[in-house]
Amino acid sequence: MNAAVENLRTQVRGRVLLPSDDGFAQARSPWNRAVEQPVAAVVEAADADDAAAVVRHARAAGLTVAAQPNGHGASGNTAGVVLLRTGALDGLAVDPAARTARAEAGVTWGRVQAEAGPHGLTGMAGSSPIVSVVGYTLGGGLSWFGRSHGWAADSVTAFEVVDAEGERGRVTAASDPDLFWALRGGGGDFALVTAVEFDLHPAPELYGGRMLFPGALAARAFDAFRAITEKAPDALSTWYTRLHPPGGDPLVAVDVAFLGGEAEAKELLRPLEAVGAAIADTRRPMSPAELGAITADPTDPGPGFSRARSLADLDGDAGAVLAEEDAAPLLMVQVRHLGGALARPSDSATGALAAPYLVCTLGLPLSADLAAGLRERCARLWESLGGRVGGRRPYSLLAPGESAADAFTPEAVARLREVKRARDPHGVFRANFPVLD
């Protein structure tokens, strides 16, 4: 195997790093620095032909390839694999007249939004502008606009791929319905995606931002969040977040994104006026290119501990659990409003997610003791919420130690496994969360 790995240098034009090379440790590191990736080599593909060459070599040599633009969503399940970095595949084309875009595997959502926004169009971007379009979409893609338009995967019209034999091709619903279905939210286990084509959506007006309150107003903010989400149209997405920054006072935030004008948004968000004095209020009309400013997600890698669970309702004592309990040692306990188009039938692997809410947690595992404390705090949170939490959660929000089966219906898992066995019988590809595990 060592010779097969070393021979990668003769197969590609991009950089190949082996464990003995300077820079290897940095190159193999994922976005989440708390996740270890014990890979056999890192290949930085120069283009799609380079990516195909890596797959052909892997197929012939009995190697396994895991593709990552930058490592968001990494699980650490990479022992002995060839880590293929696709960040250099940076081609982007936006067609305003057709309302479509084509993004190669290294393109981020921030670039798409910057190109589409001036035309009054948006892609199905999430909160972070630095996440790759391809990786995000392969995991389903939970967007600010999901309640209006479903999962990002639902907007895909074609994939450009390298198959398990190393051959390049283009996959559509007509050309290969099974593979097209699997790639729309089923992860990267079936082919190496070098580019994706997708529909853009009208966004002539957009209103969004964050209201930040002292932690003492958490219960009032939660009541406002609950009132808003009970009547929210599909065009409105709202998140409620308990924050406890290290060394700082507890805070609570309400984040919003609305596909519409300011006047209508303010009317829909009127319950927030009864919460109390805000520390900050960044809500305003904005362009699709400014979506990342709503939550100001980190743009530099770092260690993180995150977990997500579906939430059935906000009734009864849910407010006491989510609004009155201190989040520490967690940095964040967040409730996202789902529903709308996300809960409707979808001809994709992701499918419909019936749960109307999603609970997400985040902490900093800076030591073994802190990591244990974060796990214990999450366990207490799920226990306190009881039967309200459980069931499926988005593939893109799975955490190390979890399984692809946690993200899909049993029927979808069975179909994904059939596609995997048929299209990659020798296990050339390994996703962050393999469907056969």
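Mentor: In this predicted model, Phe159 is buried, with a relative accessible area of 1%. Phe180 is likewise buried, at 6%. Ten aromatic pairs are present in the structure, and Phe159 and Phe180 form one that is edge-to-face, with 5.8 Å from centre to centre and 65° between the planes. This pair links distant parts of the chain, since Phe159 belongs to strand β8 (residues 156–162) and Phe180 to helix α7 (residues 177–183), 21 residues apart.

Tyr395 is buried, with a relative accessible area of 8%, and Phe408 is buried at 4%.

Ring pairs also join Phe222, Phe225, Tyr240 and Tyr357 into a cluster.

Charged side chains meet aromatic rings as well. Arg336 is placed over the face of Trp239, 4.0 Å from the ring centre. Arg415 lies over the face of Trp181, also at 4.0 Å from the ring centre.

The cysteines complete the account. No disulfides are found in a search of the whole structure. For Cys360, the closest cysteine sulfur is that of Cys378, at 11 Å, which is too far for a bond, because a disulfide requires the two sulfur atoms to be within 2.5 Å. Cys360 is buried, with a relative accessible area of 6%, and Cys378 is buried at 3%.

Note on methods: Residues numbered from 1 in each chain as written. Predicted model: local features only at pLDDT ≥ 70, side-chain atom pairs only at ≥ 80, totals over all residues. Heavy atoms only, no water. Buried < 20%, exposed > 50% of the residue type's maximum accessible area, 1.4 Å probe, protein only. Phe/Tyr/Trp six-rings, centres within 6.5 Å; stacked < 30°, edge-to-face > 60°. Helix = DSSP H or I, 4+ residues; strand = E, 2+ residues; numbered from the N terminus. Lys NZ or Arg CZ within 6 Å of the ring centre and 35° of its normal.
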